[in-house]
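Work through the exercises below with the sequence and the model open. Each task is followed by a solution in steps.

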Amino acid sequence: MSLLNPATSVNAHCDLPCGVYDPAQAKVEAQSVKAIQEKYQANTDPEFRARALVIKEERAELVKHHLWVLWTDYFKPNHAEKYPQLHELFWKATKAAGAAGAKGSVDPAQGQQLLDLIEEISTIFWETKAAA
């Protein structure tokens, strides 16, 4: 037995035993993005707005991070077979979180669109968890 030729091989669905992934992380950050967009619209103070933009962009980056972790670490080929819309859904959600979406916008409608996409992902995620 050597490190390059192990005696035992194991297969796992995730990096760690299931239970460590949850779309709620992306949803919480997206809710923050939308709330900041709403506060930005309600406040004309330039200093407040500048801080709001920085924080909103950080939260949007976290949304993208959490979505990519789900997409690359949790979801597997059999999920994509069962849910053929999954790839496009993640593409749309990460775009909605990015510069062309909520990260680059102060419109709360963009934040809501992002939340709606995350909810679709969440529905599929929980269906796959129930089937596991």
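Contact means that heavy atoms lie within 4.5 Å. Of the contacts in the protein chain with a separation of 6 or more, 74% join residues 24 or more positions apart. This is a predicted model, in which local features need pLDDT of at least 70, side-chain atom pairs count only at pLDDT 80 or more, and totals for chains, interfaces and linings use all residues. Residues are numbered from 1 along each chain as its sequence is written, and side-chain values use heavy atoms, with hydrogens and water left out.

**Exercise 1.** State the secondary structure of the protein chain.

Solution. Take helices (H or I, at least four residues) and strands (E, at least two) as DSSP runs, numbered from the N terminus. The protein chain then has five helices and zero strands. Their order is α-α-α-α-α.

**Exercise 2.** Find which residues of α2 are buried, and what covers them.

Solution. Buried means under 20% relative accessible area, exposed over 50%, partly exposed in between (1.4 Å probe, protein chains only). In α2 the buried residues are A52, K56, A60, V63, H66, L67, L70, W71 and Y74. Their cover includes α1, α3 (77–82), α4 and α5. Take L70 as an example: not counting residues up to four places away in sequence, L70 touches Y21, D22, P23, F75, F90, I121 and F125.
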